[in-house]
Amino acid sequence: MNLNQISYLLFKRIKFIIAIPLLVSFITLIASLTLIDPVYKTTTTLYIINKSDAQKSINYDDILTNQQLVKDYRELIKSRNVTKAALEDLNIKDLSHDQLAKKISVSLKTDTRVLQISVEDKNPKKAMDLTNKVSEKFIEKSVSLMSVDNINVVDTAELPKIPEKPKPFTYTVLALFLSLILTLGTIYFLEYFNDRIKSKEDIEEYLSISVLGTIPLVKTNK
């Protein structure tokens, strides 16, 4: 199929090419606004450092050590010891420690000793309380279990005002592009394997000859 044929095909199916992506993106927007419950995310920032190394600059060995520490801390933060203590302190009965562990994410900021603990929940205040309490219990347990006191809170979690999920605009744009690609692909696929001539435009386009005249269909009352 050459460029002229592709242009002709796009022009012939322009209604579908415009209508289908717009319809899919509109449905996606409505669904993301009405069917998906908003989820809020809050983050506590912790600073991890050995007091004896406080005045030293970070080198490559420190980064590797911190990365390993993050793995250890991640397991400790999501452990039953920490999550169960946080739920008991907050008197939360409708959430198990396993469910809380799945809501927690732990990350280390690149090339730093800054650890971030985040918790997601449908209730923004509950997310904030859980984040702060998990961080508090983690610091307590790290002292008693790992005999380290090198963790300080930089920023406590605040009440989130905007949900982390869903993201209607992102979903809508993504649905628009994906449906456009699928529509174009489907039209091309169907047209590529369709060798029927259905109009005088098809004759002129595919056979490169001019149409001198047409015989109209006449309906009869038989």
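This is a predicted model: local features need pLDDT of at least 70, side-chain atom pairs count only at pLDDT 80 or more; totals for chains, interfaces and linings use all residues.
With which side chain does the side chain of Thr42 make a polar contact? The partner is the side chain of Thr131, at 2.6 Å.

- Thr42 belongs to strand β1, which spans residues 40–48.
- Thr42 is classed as buried because its relative accessibility is 2%, and buried means under 20%.
- Apart from residues up to four places away in sequence, Thr42 touches Ile117, Ser118 and Val119, as well as Ala127, Met128 and Thr131.
- Ala157, Glu158 and Pro160 are also among the residues that Thr42 touches.

**The largest nonpolar core**
- In soluble globular proteins, nonpolar side chains tend to be buried together.
- In this model, the largest nonpolar core comprises 22 residues.
- The residues with the most contacts inside this core are Ile77, Leu100, Ile104, Leu115, Val134 and Phe138.
- Two or more residues each are given to this core by the strands β1, β2 (104–108) and β3 (114–121) and by the helices α3 (60–77), α4 (80–90) and α6 (124–146).
- Val134 touches Ile77, Val82, Ala86, Leu100, Ile104 and Ile117, when residues up to four places away in sequence are not counted.

**Packing of α1 against α7**
- Helix α1 (residues 3–12) packs against helix α7 (residues 168–192) at an angle of about 115°, and the two axes are 11 Å apart.
- The crossing of these two helices, α1 and α7, is right-handed.
- Helix α1 contributes Leu9, Leu10 and Lys12 to the contact, while α7 contributes Leu184, Ile187, Tyr188 and Glu191.
- By class, five residues in the contact of α1 with α7 are nonpolar, two are charged and none is polar.

**Loop features**
- The peptide bond joining Lys165 and Pro166 is cis, with omega about -5°.
- Pro166 is located in the loop between β4 (151–155) and α7.
- Asn91, a residue other than glycine, has a positive phi near 55°.
- The loop between α4 and α5 (97–103) holds Asn91.
- Asn91 counts as exposed because its relative accessible area is 51%, and exposed means over 50%.

**Glu204 in helix α8**
- Glu204 lies in helix α8, residues 200–207.
- With a relative accessibility of 38%, Glu204 is therefore partly exposed.
- Beyond its neighbours within four places in sequence, Glu204 is in contact with Ile209, Ser210 and Val211.

How values were computed
Residues are numbered from 1 along each chain as its sequence is written. Side-chain values use heavy atoms; hydrogens and water are left out. Axes are lines fitted to C-alpha atoms, for helices over the stretch in contact, and angles run from 0 to 180 degrees between N-to-C directions. Helices (H or I, at least four residues) and strands (E, at least two) are DSSP runs, numbered from the N terminus. A crossing is left-handed if the near helix is turned anticlockwise from the far one by less than a right angle, and right-handed if clockwise. Contact means heavy atoms within 4.5 Å. Ala, Val, Leu, Ile, Met, Phe, Trp, Tyr, Cys and Pro count as nonpolar, Asp, Glu, Lys and Arg as charged, and the others, Gly among them, as polar. Buried means under 20% relative accessible area, exposed over 50%, partly exposed in between (1.4 Å probe, protein chains only). A polar contact is a pair of N or O atoms within 3.5 Å; within protein, one must be able to donate a hydrogen and the other to accept it, and residues adjacent in sequence count only if both atoms are side-chain atoms. A nonpolar core is a set of buried Ala, Val, Leu, Ile, Met, Phe, Trp, Tyr and Cys residues joined through side-chain atoms within 4.5 Å.
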